[in-house]
Amino acid sequence: AKTEDFAIQAPAGVYVETVTSVTHYTDRLFRFRMTRPQEFRFRSGEFAMIGLMVGDKPVYRAYSIASPAWDEELEFFSIKVPDGPLTSHLQKIKPGDQVLMRKKPTGTLVLDALVPGRRLYMFSTGTGIAPFASLIRDPETYEKFEEVILTHTCRDVAELKYGFDLVDEIRNHEFLNEIVGDKLRHYATVTREDYPFKGRITDLMTNRKFFADLGLPSFDPAIDRGMICGSTAMLKDTKEILEAAGLTEGANNKPAEFVIERAFVG
Ligand code: A2P
């Protein structure tokens, strides 16, 4: 009878799912996983509107789906904003709690929005790693690209842990590890703590340390592709660097050399 009560209360076009696990990384970041409706389909890299009932009203926010399309559960990586309309509540969820998800996923950070290439760069700051958490666990990414370079920049080392855990997970996953092989490279940097890899990715590209560290040539619009997910300022600065290298921005209806997700910022 409980489930029926919920079904009646669920707003039209919305799934009501159950939290299966929650991992807190820092006082600003956490990950949660929840059940996935059997009929729910999405492309790795897309986002969905995630919500909770706050009082008698649903409150939603755009969340990249961090799990790959093949995963039987759904994963999300979230910031905790102390007075955030959704995250101040969402950060308290526990396994067994119910979370709302609007039925239609969307987004531009999808493989279909890029023209074919050889190397795929994924640039992220903070929770901007989430769509890439999905894509680096999707075999299709490695069918389409010979090399995948995931960059993640955070304020401090503790905030990088989700990214390191993802790469470990791939390495410990029998089939995925075989598919990924040595194609995936992870370049993690911090800006507000001492660490061997220090600085904003934009600065590290401009001063060439990024290319030197990875032994990579300059961007080549003929073979290099990019995806960008971070704050408004980071999107703008990274886009300028790719455009200066001759890459053009694409979209679902007009694939090109790089794509940006603008859904989370502000
Ligand atoms: P910084 O510490 O120099 O501001 P946040 O946690 O505020 O979302 O930031 C995540 C990371 O993104 C931080 O390391 C931050 O560096 C970095 N960052 C902020 N603005 C930019 C930008 N315009 N270009 C590249 N990285 C940025």
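Is tyrosine 25 buried or exposed? In this predicted model, tyrosine 25 has a relative accessible area of 17%. Because the limit for a buried residue is under 20%, tyrosine 25 counts as buried.

The chain is divided into two parts, domain 1 covering 2–102 and domain 2 covering 111–260. Taken over C-alpha atoms, the centres of domain 1 and domain 2 are 25 Å apart. To their contact, domain 1 contributes 20 residues and domain 2 contributes 22 residues. Between them the two domains bury about 1,700 Å², with 56% of it on carbon and sulfur atoms. On the side of domain 1, the residues that lose the most area to domain 2 are Tyr25, Trp70 and Phe77, together 33% of what that side buries.

Charged residues also take part in this interface, where three salt bridges are found between domain 1 and domain 2. Separately, I note the salt bridge of glutamate 75 with arginine 137, whose closest N and O atoms are 3.1 Å apart.

Why is the pair of tyrosine 25 and phenylalanine 77 called edge-to-face? The ring centres lie 5.9 Å apart and the planes stand at 80°, so the pair is edge-to-face. Tyrosine 25 sits in the loop between strand S1 and strand S2, while phenylalanine 77 belongs to strand S5, 52 residues apart. Phenylalanine 77 is buried, at 3% relative accessible area.

Finally, arginine 102 lies over the face of tyrosine 60, 4.0 Å from the ring centre.

Notes
Residues numbered from 1 in each chain as written. Predicted model: local features only at pLDDT ≥ 70, side-chain atom pairs only at ≥ 80, totals over all residues. Heavy atoms only, no water. Phe/Tyr/Trp six-rings, centres within 6.5 Å; stacked < 30°, edge-to-face > 60°. Helix = DSSP H or I, 4+ residues; strand = E, 2+ residues; numbered from the N terminus. Buried < 20%, exposed > 50% of the residue type's maximum accessible area, 1.4 Å probe, protein only. Lys NZ or Arg CZ within 6 Å of the ring centre and 35° of its normal. Domains from an automatic or database assignment. Contact = heavy atoms within 4.5 Å. Buried area = accessible area lost by both parts, 1.4 Å probe. Salt bridge = Lys/Arg side-chain N within 4 Å of Asp/Glu carboxyl O.
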